[in-house]
Amino acid sequence: MELLVIDGQGGRMGQQLIRCIRERYPQIHTTAVGTNSMATAAMLKGGAHQAATGEHAVLVACRQADVILGPLGIVVADALLGEISPDMAIAVGQSRARKILLPIDRCNTLVVGVGDYSLSALLECALEELGRLLEG
C-alpha cells in the first residue's frame, strides 16, 4: 500500500500522523509531501520513508497513492493560508486514492455534524480508518 501524507504550514499534524502510522502499521510505506520545506522537514522527522515539497510533488504523488491522509484543506483551493493551489486541490480530489481527511477548521471550511475534537482524537480516528482499509 502506498500511503501519501500531505501537510502544510509547519507540518506538525503530518509529522504526528506519520509517527503514529509508523508505530501502528510499520509495514506501510509512507510518502510525505509538504506544501513548503518546513512541513516536509517535519514529516521526515516523523519517519516518512520519502518526501518531496511543492505543487508538482503533490500532483505526481496523488497519481501513485492508494491512500491520501491530510487536513480537509488539501481539497480546498487556497486553503492553508493559500498554500493549496487549485491544481493541488484538483489532484487530491481526482486521485483514485481513498482519502482520509481530518476536519481541522483552519481553512474557513467547516464540516457540519463533526464535533470539535482535539488533534490527538482526530489522529486516532484517522488511524482507525486506515486500519479498516488495511483489513479491507
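Predicted model: local features only at pLDDT ≥ 70, side-chain atom pairs only at ≥ 80, totals over all residues.
User: How are helix 1 and helix 2 oriented to each other?
Analyst: The axes of helix 1 and helix 2 lie 8 Å apart, and the two helices pack at an angle of about 20°. Angles under 35 degrees count as roughly parallel, so helix 1 and helix 2 are roughly parallel to each other.

User: Which residues of helix 2 make the contact with helix 1?
Analyst: Helix 1 passes helix 2 in a right-handed crossing, and on the side of helix 1 the contact is made by Gly14, Gln15, Ile18 and Arg19. By class, this contact of helix 1 with helix 2 has three nonpolar, two polar and two charged residues. On the side of helix 2, the residues that make the contact are Ala42, Met43 and Lys45.

User: How many nonpolar residues are in the contact of helix 1 with helix 6?
Analyst: The crossing of these two helices is right-handed, and in it Met13, Gln16, Leu17, Cys20, Ile21 and Arg24 of helix 1 meet Leu119, Leu123, Glu124, Ala126, Leu127, Glu128 and Leu130 of helix 6. When the residues of this contact are divided by class, one is polar and three are charged, while the number of nonpolar residues is nine.

User: How is helix 3 oriented to helix 5?
Analyst: Helix 3, residues 55-64, and helix 5, residues 86-94, pack with their axes 9 Å apart and at an angle of about 10°. This makes helix 3, in its orientation to helix 5, roughly parallel.

User: How many charged residues are in the contact of helix 3 with helix 5?
Analyst: Helix 3 passes helix 5 in a left-handed crossing, where Glu55, Val58, Leu59 and Cys62 of helix 3 make the contact with Asp87, Met88, Ala91 and Val92 of helix 5. The residues of this contact include six that are nonpolar and none that is polar, and the number of charged residues is two.

User: Which element supplies the largest share of the largest nonpolar core?
Analyst: This core has 21 residues, of which Leu3, Val5, Leu17, Ile21, Leu69, Leu102 and Leu130 touch the most other members. Strand 1, helix 1, strand 4, strand 5 and helix 6 each supply at least two residues of the core. The largest share, five residues, comes from helix 6.

User: How many residues are in the other core, the one with Ala57 among them?
Analyst: This other core lies apart from the largest one, and Met88, Ala91 and Val92 are also among its residues. The number of residues in this core is 18.

User: How far apart in space are Leu80 and Asp7, C-alpha to C-alpha?
Analyst: Leu80 has its place in helix 4, residues 79-82, and at 7% relative accessibility Leu80 counts as buried. Although Leu80 and Asp7 are 73 residues apart in sequence, their C-alpha to C-alpha distance in space is 9.0 Å.

Conventions
Residues numbered from 1 in each chain as written. Heavy atoms only, no water. Axes fitted to C-alpha atoms, helices over the stretch in contact; angles between N-to-C directions. Helix = DSSP H or I, 4+ residues; strand = E, 2+ residues; numbered from the N terminus. Parallel < 35°, antiparallel > 145°, perpendicular 65-115°, else oblique. Left-handed = near helix turned anticlockwise from the far one by under 90°. Contact = heavy atoms within 4.5 Å. Nonpolar A, V, L, I, M, F, W, Y, C, P; charged D, E, K, R; others polar. Core = buried A, V, L, I, M, F, W, Y, C linked by side-chain atoms within 4.5 Å. Buried < 20%, exposed > 50% of the residue type's maximum accessible area, 1.4 Å probe, protein only.
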